[in-house]
Amino acid sequence: MTDDAAAAPICLARPLPGPGEDPGGGCAAARAVDGRPLHAAALKFFWGPMDCGKSTMALQMNYNHARQGRRGLVTTRIDRSLGPQVTTRIGLAHAAVEVTDDLDLRDLVRDAWAEGVRVDYLICDEASFYNLEHVEQMADLVDNYDVDVYAFGLATDFRSCLFPAAQRLFELADEVARIQVEVLCWCGREGLLNARVVGGRVVREGAQVVIGDTADTADVRYQVLCRRHYRSGDLGPRG
Ligand SMILES: [Zn+2]
């Protein structure tokens, strides 16, 4: 990068583009060879097992950006509250748009813009439960609408296989980061995998998404285990 490029102004006050319009029209920022502005919008995927604080980090990120005057939307799917909000184990909550099969994330942003509401970024919680189309829409928002997308979710399901949306995020994201809050297996090793527990036993077959919690009392619950104990199905002395 040349000194000139490094010193190029970052355009924060973007005009609101309509469908098919150049999203950067009127901005004095540097432009790529295809004429689009060289901007900093990015698709980032933050992943980790259950209980590692993903939703807490999502809301913290929303707070940090909002405090700097940026405007964003928060989306979720199958939050533990089963309502249109992001809730966290440590008691934080924030209203959120529930992502349905039919929801187009680009329409969500365009509709907000049409109402005069600026959208600089999307926070997509529980992103591993979204459809593949939603992930493509996230990439589109970054590349063609200059909107940052920060996705948070599990990487793998109870069988230790990647969720399709998580796999697509690994493939497409500009940046992928494992959330660094460690969740420990009962043995003290780092927890990595989400075991589904039914009737006190680890199950390895069934629907990919079944609502449960990590509370010990639930009929279907999930327990984060190290790889060794996930593979052996050993839930430990309290399992
Ligand atoms: Zn273990």
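Modeller: One term to begin with: buried means under 20% relative accessible area, exposed over 50%, and partly exposed in between, using a 1.4 Å probe and protein chains only. By that rule, 43% of the 239 residues of the protein chain count as buried. This is a predicted model, where local features need pLDDT of at least 70 and side-chain atom pairs count only at pLDDT 80 or more, while totals for chains, interfaces and linings use all residues. Residues are numbered from 1 along each chain as its sequence is written, and side-chain values use heavy atoms, with hydrogens and water left out.

Biologist: How many helices and strands does the protein chain have?

Modeller: The protein chain has 6 helices and 11 strands. Both are DSSP runs, numbered from the N terminus: helices are H or I with at least four residues, strands are E with at least two.

Biologist: What is the strand order in the open sheet of 6 strands?

Modeller: The order is β5-β2-β6-β7-β1-β8, and the pairing is parallel. Two strands pair if DSSP finds at least two bridges between them.

Biologist: How many bridges join β6 to β7?

Modeller: There are 4, between residues 121–124 of β6 and 148–153 of β7. L122 stands opposite V149, and I123 stands opposite Y150. Strand β2 (residues 72–76) is also joined to β6 by 4 bridges, again running parallel. There, V74 has I123 as its bridge partner.

Biologist: Which residues cover the faces of β6?

Modeller: Y121 and I123 are on one side, L122 and C124 on the other, and all are buried. In a regular strand the side chains alternate between the two faces of the sheet.

Biologist: Which strands does helix α4 lie across?

Modeller: Helix α4 (residues 132–145) lies across β1 (43–47), β6 and β7, at about 155° to β7. Helix α5 (residues 164–172) lies across β1, β7 and β8, at about 130° to β1. Axes are lines fitted to C-alpha atoms, for helices over the stretch in contact, and angles run from 0 to 180 degrees between N-to-C directions.

Biologist: Switching to aromatics. How many aromatic pairs does the structure hold?

Modeller: It holds 6 aromatic pairs. Rings of Phe, Tyr and Trp (its six-membered ring) pair if their centres lie within 6.5 Å; planes under 30 degrees apart count as stacked, over 60 as edge-to-face and the rest as tilted.

Biologist: Why is the pair of W113 and Y145 tilted?

Modeller: Their ring centres are 6.0 Å apart and the planes are at 40°, so the pair counts as tilted. W113 lies in helix α3 (residues 105–114) and Y145 in helix α4, so the pair ties together parts that are 32 residues apart in sequence. W113 is buried, at 9% relative accessible area. Y145 is buried too, at 11%.

Biologist: What about Y121 and Y150: how far centre to centre?

Modeller: They are 6.3 Å centre to centre, with 40° between the planes, and that pair is tilted. Y121 is in β6 and Y150 in β7, so the pair ties together parts that are 29 residues apart in sequence. Both Y121 and Y150 are buried. F45, W47 and F170 form one aromatic cluster.

Biologist: Which residue lies over the face of F158?

Modeller: R196 does, at 3.6 Å from the ring centre. The charged end of R204 sits over the ring of Y230, 4.9 Å from its centre. A charge sits over a ring if NZ of Lys or CZ of Arg is within 6 Å of the ring centre and within 35 degrees of the ring normal.

Biologist: Now N62. Buried or exposed?

Modeller: N62 is buried, at 8% relative accessibility. It lies in helix α2 (residues 54–67). Leaving aside neighbours within four places in sequence, N62 is in contact (heavy atoms within 4.5 Å) with V74, H94, Y121 and I123. The C-alpha atoms of N62 and Y150 are separated by 9.5 Å, though these residues are 88 apart along the chain.

Biologist: And what is the order in the open sheet of 3 strands?

Modeller: That order is β10-β9-β11, with antiparallel pairing. Its edge strands are β10 (201–203) and β11 (220–225). Between β9 (residues 193–198) and β10 there are 3 bridges, and V197 has V202 as its bridge partner in β10.
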